[in-house]
Amino acid sequence: MIILRPSLPRKIFGWAMLVLGVLGLVLPFLQGFLFLAFGVFVLRDQHVWAARRWLWVAGRWPDMVTKLEAMETRMAARARHYAGRLGRVLRLRA
């Protein structure tokens, strides 16, 4: 079962990565495949078609997908931590 969590900033960033990926397939100085893969990774919670592609990638390279999703979890926790610290600092100065 695919669970979608819509987010406008993630959609914009994911589609930007897909556009860069398509450009990278044509231009020699961009790594098109990496941008395409990253765009699908970002959009996997936004669109059903991206979730299906991500399931294919997870079946093909399960170890890499596990590492990538763990890294995303760590980065989200770190961002929440720093946002909380920033919020406390701003409240102290107000």
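With which side chain does the side chain of D45 make a polar contact? The side chain of D45 makes this polar contact with the side chain of R5, at 2.6 Å; a polar contact is a pair of N or O atoms within 3.5 Å, where, within protein, one must be able to donate a hydrogen and the other to accept it, and where residues adjacent in sequence count only if both atoms are side-chain atoms.

The model is predicted, so that local features need pLDDT of at least 70 and side-chain atom pairs count only at pLDDT 80 or more, while totals for chains, interfaces and linings use all residues. Residues are numbered from 1 along each chain as its sequence is written, and side-chain values use heavy atoms, with hydrogens and water left out.

**View 1. D45 in the loop between α2 and α3.** D45 is buried, with a relative accessible area of 10% (buried means under 20%, with a 1.4 Å probe and protein chains only). Apart from neighbours within four places in sequence, D45 is in contact (heavy atoms within 4.5 Å) with I3, L4, R5, P6 and R10.

**View 2. H47, also in the loop between α2 and α3.** Not counting residues up to four places away in sequence, H47 touches L4, K11 and W15, and the side chains of H47 and W15 make a polar contact of 3.3 Å. Between H47 and K11 the C-alpha to C-alpha distance is 8.9 Å, although 36 residues separate them in sequence.

**View 3. The largest nonpolar core, of nine residues.** This core consists of L18, V40, F41, V42, L43, A50, W54, V57 and V65, a nonpolar core being a set of buried Ala, Val, Leu, Ile, Met, Phe, Trp, Tyr and Cys residues joined through side-chain atoms within 4.5 Å. The largest share of this core, four residues, comes from α2. V40, leaving aside its neighbours within four places in sequence, is in contact with L18, A50, R53 and W54.

**View 4. The largest pocket, with a volume of about 430 Å³.** A pocket is an open set of points on a 1 Å grid over the protein atoms alone, where a 1.4 Å probe fits, with protein on both sides within 12 Å along at least five of seven lines, and its lining residues have an atom within 4 Å of a point. Of the 17 lining residues, F33, A37, W54, V57 and L68 are the closest to the centre of the pocket. Helices α2 (32-43), α3 (48-60) and α4 (62-93) each supply at least two residues of the lining (helices are DSSP runs of H or I, at least four residues, numbered from the N terminus).

Terms used
Grid points are joined across faces, edges and corners, and a volume is the space filled by probe spheres set on the points. Buried means under 20% relative accessible area, exposed over 50%, partly exposed in between (1.4 Å probe, protein chains only).
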